[in-house]
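I opened the notebook to record what I looked up in this structure. The entries follow the order in which I checked things.

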Amino acid sequence: MAQQQLGLVRFSQEAWAELQKVTWPERQTVIRLTVIVIAISAIVAIYILGFDNLFTFVINKGVLNQPLGSPTPAP
C-alpha cells in the first residue's frame with residue numbers, strides 16, 4: 001500500500017512539473033477561439049437542420065406522397 005501511495009505522489013509531482021512548462025494562451029485568445037467554435041457549431045447545426053427538413057419534405061411529399069403535418073387523432 002505504501003508503494004502505491006509513493007507512486008501516486010510521484011505521479012502528482014511529475015504532472016505538476018509538466019503543467020508548469022506549459023505555455024498557456026491568454027484569456028482573450030481562449031475567449032475568441034471559444035466564440036469561434038460556438039459560432040461554427042451553430043452554423044453546422046443550422047445547415048444540418050435545413051437539409052434534414054428539406055430531405056424530410058422531399059421524401060414525405062415527393063416519394064411517399066404523404067400529406068404535410070401530423071395526422072389528427074380520431075375522437
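**Entry 1. Burial and surface.** I started with burial. Buried residues make up 0% of the 75 residues in the protein chain. I kept in mind that this is a predicted model. Next I took the accessible surface, which comes to about 7300 Å² for the protein chain. Carbon and sulfur atoms account for 69% of that surface.

**Entry 2. Secondary structure.** I counted the elements. The protein chain has 2 helices and 0 strands. Helix 1 covers residues 2-21. Helix 2 covers residues 27-63, which is 37 residues. I checked the length of helix 2 from its first C-alpha to its last and got 52 Å. At 1.5 Å a residue, 54 Å is expected, and the model comes close to that. I then looked past the end of helix 2. Asn65 follows helix 2 and has a positive phi, near 55°.

**Entry 3. Salt bridges.** How many salt bridges does a search of the whole structure find? I got 2.

I took Glu14 and Arg10 to begin with. Their side chains meet in a salt bridge, at 3.0 Å from N to O. I asked how the two are placed along the chain. Glu14 and Arg10 are 4 residues apart in helix 1, so about one helical turn separates them. Arg10 is exposed, with a relative accessible area of 56%. Glu14 is partly exposed, at 43% relative accessible area. The cut-off that matters here is 50%: exposed means over 50%.

Then I turned to Lys21 and Glu18. Their side chains meet in a salt bridge at 3.2 Å, N to O. Both residues lie in helix 1, 3 residues apart, about one turn of the helix. Lys21 is exposed, with a relative accessible area of 60%. Glu18 is partly exposed, with 47%.

**Entry 4. Aromatic pairs.** I moved on to the rings. A pair of aromatic rings is described by the distance of the centres and the angle of the planes. I noted both values for each pair. The structure holds 2 aromatic pairs.

Tyr47 and Phe51 form an edge-to-face pair, with 4.8 Å centre to centre and 65° between the planes. I call the pair edge-to-face because its 65° is over the cut-off of 60 degrees. Tyr47 and Phe51 are 4 residues apart in helix 2, so about one helical turn separates them. Is Tyr47 buried or exposed? Tyr47 is exposed, with a relative accessible area of 54%. Phe51 is partly exposed, with 34%.

Phe51 also pairs with Phe55. This pair is tilted, with 5.9 Å centre to centre and 40° between the planes. Phe51 and Phe55 both lie in helix 2, 4 residues apart, about one turn of the helix.

Which residues form one aromatic cluster? I wrote down Tyr47, Phe51 and Phe55.

- Buried residues stand at 0% of the protein chain.

Technical notes: Residues are numbered from 1 along each chain as its sequence is written. This is a predicted model: local features need pLDDT of at least 70, side-chain atom pairs count only at pLDDT 80 or more; totals for chains, interfaces and linings use all residues. Side-chain values use heavy atoms; hydrogens and water are left out. A salt bridge is a side-chain nitrogen of Lys or Arg within 4 Å of a carboxyl oxygen of Asp or Glu. Buried means under 20% relative accessible area, exposed over 50%, partly exposed in between (1.4 Å probe, protein chains only). The expected span of a helix is 1.5 Å times one less than its number of residues. Accessible areas come from the Shrake-Rupley method with a 1.4 Å probe; for residues, only the protein chains shown count as cover. Rings of Phe, Tyr and Trp (its six-membered ring) pair if their centres lie within 6.5 Å; planes under 30 degrees apart count as stacked, over 60 as edge-to-face and the rest as tilted.
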